[in-house]
Amino acid sequence: PQCLPRGRKLALAFCQQLVRSIAHFQTQSTREAALRLYVSQVTQVSNLLRGIWKAEPDTLLPSLQELFAIISSTDTSEPSVALASLVQHIPLQMITVLIGSLTTDPNVKDASMTQALCRMIDWLSWPLAQHVETWVIALLKGLAAVQKFTILIDVTLLKIELVFNRLWFPLVRPGALAVLSHMLLSFQHSPEAFHLIVPHVVKLVISVKSNGLPTSTAFLEQLSELMHCM
């Protein structure tokens, strides 16, 4: 802590650089030990950011603006899903204001908003992500409120299979199911999105039934209700 920069200006520059650094965090390994170390290191950095945001509250909003600039950029390399580790440290009471300002900002082009939403959906893959689904659904609702239906249609058709595939992994299953449910129930004008996932449902159900996890029964009930509604 004694090495952290003091004062808003220095603290803000440090926070923005940390956000940019997390965007470059990658691992090529598929070994469990290496992946655990990678997630642990990302968590340490995100916790450091949380500490600075608490000590210097004025640095939070500019840090989030930096985060949005990264995920909405259409001309940079793909940022790391490790950025999802920051979401849990953003106060949930900021959702309404932040989403409202984003969806009504005339400077945010549709292509940038589409890119940002796609990358936020990718965050559902982060194993320790918390509240990602809350922010994704809030942005989906915010875009619907300002009638950005083209973005919603494009992103749903592009990403719904990825969201469905997250259901195979128990750690991220609840968030993925929440987003999948919202996407499908909001896509009532056409069966196209539903038809993209239908071929994979039976395999998933058989797999979940066989693994015997305590949460499996509740998940299968929720999935069955969703399929019935469609």
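Mentor: Let's begin with His89, which sits in the loop between α3 (60-72) and α4 (95-103); helices here are DSSP runs of H or I with at least four residues, numbered from the N terminus. Keep in mind that this is a predicted model, in which local features need pLDDT of at least 70 and side-chain atom pairs count only at pLDDT 80 or more, while totals for chains, interfaces and linings use all residues. Residues are numbered from 1 along each chain as its sequence is written, and side-chain values use heavy atoms, with hydrogens and water left out.

Is His89 buried or exposed? Its relative accessible area is 12%, so His89 is buried (under 20%; exposed is over 50% and partly exposed lies in between, with a 1.4 Å probe and protein chains only). Beyond its neighbours within four places in sequence, His89 is in contact with Ser46, Asn47, Arg50 and Trp53, where contact means heavy atoms within 4.5 Å.

Now look at the chain as two pieces: domain 1 covers 1-89 and domain 2 covers 91-229, with bounds from an automatic or database domain assignment. His89 is therefore the end residue of domain 1 as these bounds are drawn. The centres of the two domains, taken over C-alpha atoms, are 23 Å apart.

How many residues take part where they meet? On the domain 1 side there are 27, in contact with 22 of domain 2. Together the two domains bury about 1900 Å², and carbon and sulfur atoms give 73% of that; buried area is the accessible area (1.4 Å probe) lost when two parts are put together, summed over both. Within the area that domain 1 buries against domain 2, Phe68, Ile71 and Val87 supply 30%, more than any other three residues.

In the model, Arg119 forms a salt bridge with Glu78, and their closest N and O atoms are 3.0 Å apart.

Finally, which helices build the domain 1 side? Both α2 (32-55) and α3 supply at least two residues each, and α3 gives the largest share, eight residues.

Methods: Salt bridge = Lys/Arg side-chain N within 4 Å of Asp/Glu carboxyl O.
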